[in-house]
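Hi,

Here is the structure I promised to send over. Have a look at it first, and my notes on what I found follow below.

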Amino acid sequence: MALESYVTGKRDEVHTDVLLQARQACYKARDAFYSCLENHSDKKPTEIGAVGLLYPTECKRSREEYVKNCRVSWVKHFDRQYCKTKRTQRLLDDKETRRGV
């Protein structure tokens, strides 16, 4: 009887509140990690993350929380996005110094 009620139960039910909480936890961990990167940008990066992202040892704990709270595909996406933004900013800053502005 118990197995029968399990099978006929709502297995396809989506708990949006659980998904929302997980997403918010992921975003919070991501923001903590990237703020750590910004705060310790003067230190030499010694750790390697997804897609070749380098980060200092001081950010290792926040990186672990970030990886624990987010899906692997999200971590790769956010890391790529961060690297792309930093690369673009570096290129724009380099052009500004060349122009003498």
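A quick definition before the fold: helices here are DSSP runs of H or I with at least four residues, strands are runs of E with at least two, and both are numbered from the N terminus. With that in hand, the protein chain reads α-α-β-β-α-α along the sequence, which comes to four helices and two strands.

Please keep in mind that this is a predicted model. The average pLDDT for the protein chain is 83, and 80% of the residues score at least 70.

Some overall numbers for the chain. There are 101 residues, and 20% of them count as buried. The accessible surface comes to about 8200 Å², with 53% of it belonging to carbon and sulfur atoms. If you take the contacts between residues at least 6 apart in sequence, 46% of them join residues at least 24 apart.

Two packed helices are described by the angle between their axes and the distance between the axes. For helix α2 (residues 16-39) and α3, the axes come within 8 Å and cross at roughly 155 degrees. Angles over 145 degrees count as roughly antiparallel, so that is how α2 and α3 run relative to each other. The crossing of α2 past α3 is left-handed. On the α2 side, the residues making the contact include A22, A25, C26, A29, R30 and F33, and on the α3 side S62, R63, E65, Y66 and N69.

Is R63 buried or exposed? R63 sits in helix α3 (residues 60-69), and its relative accessible area is 5%, so it counts as buried. Leaving aside residues up to four places away in sequence, R63 touches F33, G49, A50, L53, Y55, V75 and D79. The other arginine, R30, lies in helix α2. R30 has 19% relative accessibility, and because the cut-off for buried is under 20%, R30 counts as buried too. Its contacts, again without residues up to four places away, are Y66 and F78.

Next, a cysteine. C70 is in the loop between α3 and α4 (72-99), and C70 is buried, with a relative accessible area of 8%. Beyond residues up to four places away in sequence, C70 touches C26 and V75.

K43 is found in the loop between α2 and β1 (47-48) and is partly exposed, at 36% relative accessible area. From K43 to T57 the C-alpha distance is 9.0 Å, and the two are 14 residues apart in sequence.

Cheers

How values were computed. Residues numbered from 1 in each chain as written. Predicted model: local features only at pLDDT ≥ 70, side-chain atom pairs only at ≥ 80, totals over all residues. Heavy atoms only, no water. Buried < 20%, exposed > 50% of the residue type's maximum accessible area, 1.4 Å probe, protein only. Contact = heavy atoms within 4.5 Å. Areas by Shrake-Rupley, 256 points an atom, 1.4 Å probe, with all protein chains shown as cover. pLDDT = per-residue confidence, 0-100. Axes fitted to C-alpha atoms, helices over the stretch in contact; angles between N-to-C directions. Parallel < 35°, antiparallel > 145°, perpendicular 65-115°, else oblique. Left-handed = near helix turned anticlockwise from the far one by under 90°.
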